[in-house]
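Reader: Pick one residue and take a close look at it. Then set it against the rest of the chain. Keep it brisk, and give me the cut-offs.

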Amino acid sequence: MTDADAFTYNGGRVDPGERQNIRFVVSETYLGDPVRIPVTIINGERPGPTAFLSAAAHGDELNGIEVVREVAHEWDLSELCGTIICLPVLNVPGFLAQQRYLPVYDRDLNRSFPGSADSTSAKRMAARIYTNFIEPCDFGLDFHTSTRGRTNMIHVRADMGDPDAARLARAYGTNVIIDSEGASGMLRTEAVTDDIAAITVEMGEAHRFQRALIDEALSGVRSTFAEYGMLEAEQVRWPGWRTVITEEREKTWLRADAGGMVDMHFERGSLVHEGDTVCTITNPFKNDNAPVEAPFTGLLVGILENPVVYPGNPLCHLVELDERTRRVVELDQSPSGTVG
């Protein structure tokens, strides 16, 4: 067995068998004080891949923060093969303000990677993060939630046309994988361009910790580490059923055609059939109801949480399932365990 290597970053080194908790400078405030992000680096005594776990690229998306913190500080990593880079809060200014984007010019950090050392404030910050903690990695998991007022079932977004990203997405073990290359400047998109397997894990809603989703996400991390031989005692999990949503399958955001208050009739992750009334929009007097029907049979990956809408506002994210998967989901969600 070859010896494990030290992990180095600008200003530091973590030898095999060591861990470091650091506050790494990525920018400065108006007063010239440093803006630091928390980073935990765990370098195993045995050789293996280098992986990053990142969260809160959008400062109000909190679920992933707890996932990354628990891996870094509660898991037994004494038998770790390889290195884990834990980045629980990428967007510290947004996190402090409890808002999605960087407060300076309202820029999206997750459209700023891989960054540039002589460009905008967001791209300079992204460059510091990317060069030191993403580029040295073999793969990575980037945790997100839905935006404010909406919620997602846990699912993965990945470029399934890239074999390494596809392997990672399947290893994570969610029921739903949405196949997409991602937008330019996204952390996972730019990582895959640099031959670093990376996926986005979507889970729940902004501004809160959701324990059940956090636990499910942690199971995905264990499964991933098992796939890559980083934790030999773990096993790759099979979620029971899986669907990969590609451009060949229908997917749509159902949108409000009327303003009003929304009564949602299904939960996230529910199977709805063509013609089902997914939700109803009403006026203040409840005398002018506007039902919203499912245009095809599919799974509600995301739904509205804030029950007030203008015309055109998104209500829910519906994705089509193939017939075999649909029957498995029907059986799984049937109270009696049988499909009529």
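Author: T325 is buried, because its relative accessible area is 8%. Buried means under 20% relative accessible area, exposed means over 50%, and partly exposed lies in between (1.4 Å probe, protein chains only). The model is predicted: local features need pLDDT of at least 70, side-chain atom pairs count only at pLDDT 80 or more, and totals for chains, interfaces and linings use all residues. Residues are numbered from 1 along each chain as its sequence is written, and side-chain values use heavy atoms, with hydrogens and water left out.

T325 sits in helix α7, residues 323-333. Helices (H or I, at least four residues) and strands (E, at least two) are DSSP runs, numbered from the N terminus. Contact means heavy atoms within 4.5 Å. Set aside the neighbours within four places in sequence, and T325 is in contact with W241, R242 and T243.

Now a strand residue. V309 belongs to β18, residues 308-309. V309 has 8% relative accessibility, so this residue counts as buried. Beyond four places in sequence, the contacts of V309 are A256, A258, G259, G260, V262, I281, L304 and L315. M261 is 48 residues from V309 along the chain, yet their C-alpha atoms are separated by 6.4 Å.

Next, helix α6. Its 17 residues, 211-227, should span 24 Å at 1.5 Å a residue, and the end C-alpha atoms are 25 Å apart, so the two agree. The expected span is 1.5 Å times one less than the number of residues. Buried residues of α6 include L213, I214, A217, L218 and V221. Others among them are F225 and A226. An α-helix has 3.6 residues a turn, so residues three or four places apart point the same way. After α6 comes G229, with a positive phi near 70°.

Last, the whole chain. There are seven helices and 19 strands. Of the 340 residues, 52% count as buried. The radius of gyration is 21 Å; a compact globule of 340 residues would have one near 20 Å, so the chain agrees with that rule. The radius is taken over C-alpha atoms, and the rule is 2.2 Å times the number of residues to the power 0.38. Along the principal axes, the C-alpha atoms fill a box of roughly 65 × 50 × 35 Å. Of the contacts with a separation of 6 or more, 68% join residues 24 or more positions apart.
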